[in-house]
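Keep the sequence and the 3D view side by side as you read.

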Amino acid sequence: MPEKQKINILWFGNDLRIRDNESLFNVMQEDLPFLALYIFDETFFCSAPLGFKKIGKFRAQFLLDTVLDLNSNLNQKNIPFLKKIGRTQDVFNQISGQFEIEKIFCQSEWTQEEVVLDNKIKRILPGVKWVKSYSQLLLQPNFVAEKLDEIPLLFTNFRQKIEKDFKVRNEFDCEHLVNRRPNLDLQIDSDDITLKTLGFDDFEVHQSTAFPFSGGETAAIQRLNAYLFETKNLSCYKETRNGLIGEDYSSKFSAWLANGSLSAVSIFHEIKKYESKFGYNESTYWLVFELLWRDFFKYTSMRFRDKIFLKVGIL
């Protein structure tokens, strides 16, 4: 029996981007060839025990847009990308039938469903090394640990401790990386995944929507540039952010942040560039303030894990 080719896996989750992607940066420092992978896990698109789906048609379409855009961006870097639908553990098992997987590079997650999924893969691939990042966060865990003995229950206490000389890491420079490794002899085909594949009918977005944007890193960066440097709407963000009508009353970054096609660190550094060019005011600070709110909830979930989903809560 021929010896299997050794490879690494770059497993995309909620980090669907090139810019400032720590896992991509790290896997590109390795000598082994690697395969980029995204799995539409079928359990995420099935009805939950109470009869509703975890994801609706709008989010599903946004996710499809995002993965398609990621595919295009990876192609430009000569990175092989496998897109599959099914059970995640079955896809990893299929890949391990052709290749010997040395390492899995991915974003760290710590709540129940993600941990259960990781454990299923570890049972199939017990000898594989995992290299995880925290690129969904604005503030790195080691910095937060220096400031706080534990995550407080109140955001104000969190912010007051964190904001004193708080540090945001530099972006990982992935945009200039190009894969020079030999092409993989990949004998597994990507699946043709559409909205119907995921269980939804095609639809048209209402002409009056306040969110007429597509998913994906390309659209995210276009929005980031438009909201900051083209319209300068950032300078009045605090006054307009609670509006309801139109595209520009708020940043609208949250959808791209949620699936990781835009990083909080990238937004922060673009805000700093904006302030150096157009000036600091309460509104420019307030968008950073909102990113700190987002990190507070991430760190709260890191502290309390599955308790955040319990009826009795975290207290």
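Which side chain does a polar contact join to that of Lys83? The partner is Asn71, and the polar contact spans 2.4 Å. The model is predicted. Three residues are covered below: Lys83, Asp165 and Lys252.

**Lys83: a buried charge**

- Find Lys83 in strand E3, which covers residues 81-86.
- Lys83 is buried, yet Lys83 has no salt bridge.
- Asp192 is the nearest side chain of opposite charge, and Asp192 is 8.4 Å away.
- The side chain of Lys83 does have a polar contact with the side chain of Asn71.
- Beyond its neighbours within four places in sequence, Lys83 is in contact with Tyr38, Val67, Asn71, Ser190, Asp191 and Ile193.

- Most residues other than glycine have a negative phi.
- Asp165 is not a glycine, yet Asp165 has a positive phi of about 55°.
- Lys252 is also a residue other than glycine, and its phi is positive, near 65°.

**Where these two residues sit**

- Asp165 is in the loop between helix H6 (155-162) and helix H7 (217-230).
- Lys252 lies in the loop between helix H8 (237-240) and helix H9 (254-259).

**Buried or exposed?**

- Asp165 has 66% relative accessibility, so Asp165 counts as exposed.
- Lys252 has 9% relative accessibility, so Lys252 counts as buried.

Technical notes: Residues numbered from 1 in each chain as written. Predicted model: local features only at pLDDT ≥ 70, side-chain atom pairs only at ≥ 80, totals over all residues. Heavy atoms only, no water. Helix = DSSP H or I, 4+ residues; strand = E, 2+ residues; numbered from the N terminus. Buried < 20%, exposed > 50% of the residue type's maximum accessible area, 1.4 Å probe, protein only. Lys, Arg positive; Asp, Glu negative; His and termini not counted. Salt bridge = Lys/Arg side-chain N within 4 Å of Asp/Glu carboxyl O. Polar contact = N/O pair within 3.5 Å; in protein donor to acceptor, adjacent residues only side chain to side chain. Contact = heavy atoms within 4.5 Å.
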